[in-house]
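Have the sequence and the 3D view open as you read.

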Amino acid sequence: TEESMQKAYQELVHQTGKGKEYLGWLHLPSEIDPKLLAEIEADAQRIQKIAKIFIVIGIGGSYLGARAVIEALHSQMPLLESPQKAPLVLYAGHQLSEDYLVELLALLDKHDYALTIISKSGTTTEPAVAFRILKNHLEQKYGKAQARERIIAITDKEKGALKQLANEEGYKTYVVPDEVGGRYSVLTPVGLLPIAVAGFDIRALIEGANTMRTELLSSSQAEKNLAMQYACLRTIFYEAGKKIELMVNYEPRLFFFTEWWKQLYGESEGKEGKGLFPAGVSFTSDLHSMGQYIQEGPKHLFETVLSINSPHLSLEVPHDKANLDVMNFLSGQRLSYINAKAQEATCLAHQGGGVPTIRICVPSLNEFYLGQLIYFYEFACGLSAYHLGVNPFDQPGVEAYKKNMFRLLGK
């Protein structure tokens with residue numbers, strides 16, 4: 001495996017493999033223009049002054065990266081005032097639910113808002129429909145001139161329906177680089193603008209990604225390269241008959257990071273009858289629903305545990321005189337300590353039940369380490385797909401449902 005992974009590594013870093021024209025993400029963290037970051041930060045500050053809600057319109061790679069980072073860093077209690085007094089970020093165009101959009105419009109009737117529409121073409125059904133509806137609402141609420149100031153389009157640099165509309169209407173625009181595919185685009189304006197509007201440090205995110213980039217490009221030896229170790233292990237499990245990779249988190253704020261990872265790996269590897277199926281579980285919650293299947297069901301899966309070493313906040317279990325719940329043995333212990341022991345116990349149990357476990361440890365959840373994690377997974381994904389012999393950067397299978405949908409809708 002290591003020998004063939006070496007070949008995949010050389011294809012990736014020397015940009016000689018399939019889909020090499022979409023490898024713009026490889027050096028992106030070291031090449032991003034500081035002027036672009038300053039411009040994004042300035043736009044974010046402007047939006048923070050005029051909007052209580054910021055809508056991100058996009059689907060797949062156009063919204064999952066931003067949402068993964070924002071949800072990982074944001075307060076999990078919606079009524080708590082966010083420390084940075086930033087707008088609440090909400091999403092549209094990521095599905096076709098009528099009820100969702102009607103309820104969103106009812107909320108937007110009551111609060112000042114701005115939006116970004118993220119689409120390379122401008123003709124992807126879900127975001128195009130949502131943008132048409134929200135643009136109409138925005139113009140009715142504020143008038144056309146003011147609505148224009150509340151819309152930012154992130155699209156192709158010169159072609160496509162959205163670029164044409166942005167030119168005609170005079171929207172502020174950012175570019176989706178030609179050489180970066182959607183699911184690898186979180187470190188472009190696609191992800192950076194929403195993350196900055198939400199009040200988070202995009203420079204630290206980029207710095208983290210660049211630190212990981214430097215590390216992964218410094219050695220092609222598996223023992224010195226974390227991404228190669230991960231790619232090798234998942235390949236070994238795949239070749240041994242494992243069909244499913246379960247990403248496990250013990251922090252609910254990582255739910256959307258798992259969703260981003262599922263798209264990255266599912267869309268990059270799932271071709272030509274090949275590829276692991278990427279799935280996700282949130283422990284300890286899902287131990288009480290999926291734990292039985294994982295422990296004693298078919299042995300066709302392995303787990304990758306995303307482990308956060310240090311929480312931001314602290315809470316201890318109080319002592320109770322009556323001790324009716326028999327929990328006094330935990331008195332004075334932090335919840336993070338109990339969570340860590342649950343993690344250790346689960347790994348031991350699942351390994352004993354024939355479920356191999358990879359553990360990826362992150363010191364804490366902040367912009368810097370999330371940047372590292374994003375780049376780590378992107379790099380390892382490229383390696384794994386090249387090792388499988390597929391193009392990591394196309395998605396021909398996505399077109400099948402679209403053709404059927406357009407036919408059924410009478411396009």
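## Who touches Thr116?

Setting aside neighbours within four places in sequence, Thr116 is in contact with Phe54, Ile55, Val56, Ile57, Ile152, Ile154 and Leu193 (contact means heavy atoms within 4.5 Å). The Thr116 side chain also reaches the backbone oxygen of Ile152, at 2.9 Å.

A quick word on the model: it's predicted, so local features need pLDDT of at least 70 and side-chain atom pairs count only at pLDDT 80 or more, while totals for chains, interfaces and linings use all residues. Residues are numbered from 1 along each chain as its sequence is written, and side-chain values use heavy atoms, with hydrogens and water left out.

## Inside strand β3

Thr116 belongs to strand β3, residues 113-118 (strands are DSSP runs of E, at least two residues, numbered from the N terminus). Is Thr116 buried or exposed? Thr116 counts as buried because its relative accessibility is 0%; buried means under 20% relative accessible area, with a 1.4 Å probe and protein chains only.

## The strands alongside

Strand β1 (residues 53-57) runs parallel to β3, joined by five bridges; two strands pair if DSSP finds at least two bridges between them. Here Ile55 stands opposite Leu115 of β3.

Strand β4 (residues 151-155) also pairs with β3 in the parallel sense, over four bridges. In β4, Ile151 is the bridge partner of Leu115.

Definitions and conventions. Buried means under 20% relative accessible area, exposed over 50%, partly exposed in between (1.4 Å probe, protein chains only). A polar contact is a pair of N or O atoms within 3.5 Å; within protein, one must be able to donate a hydrogen and the other to accept it, and residues adjacent in sequence count only if both atoms are side-chain atoms.
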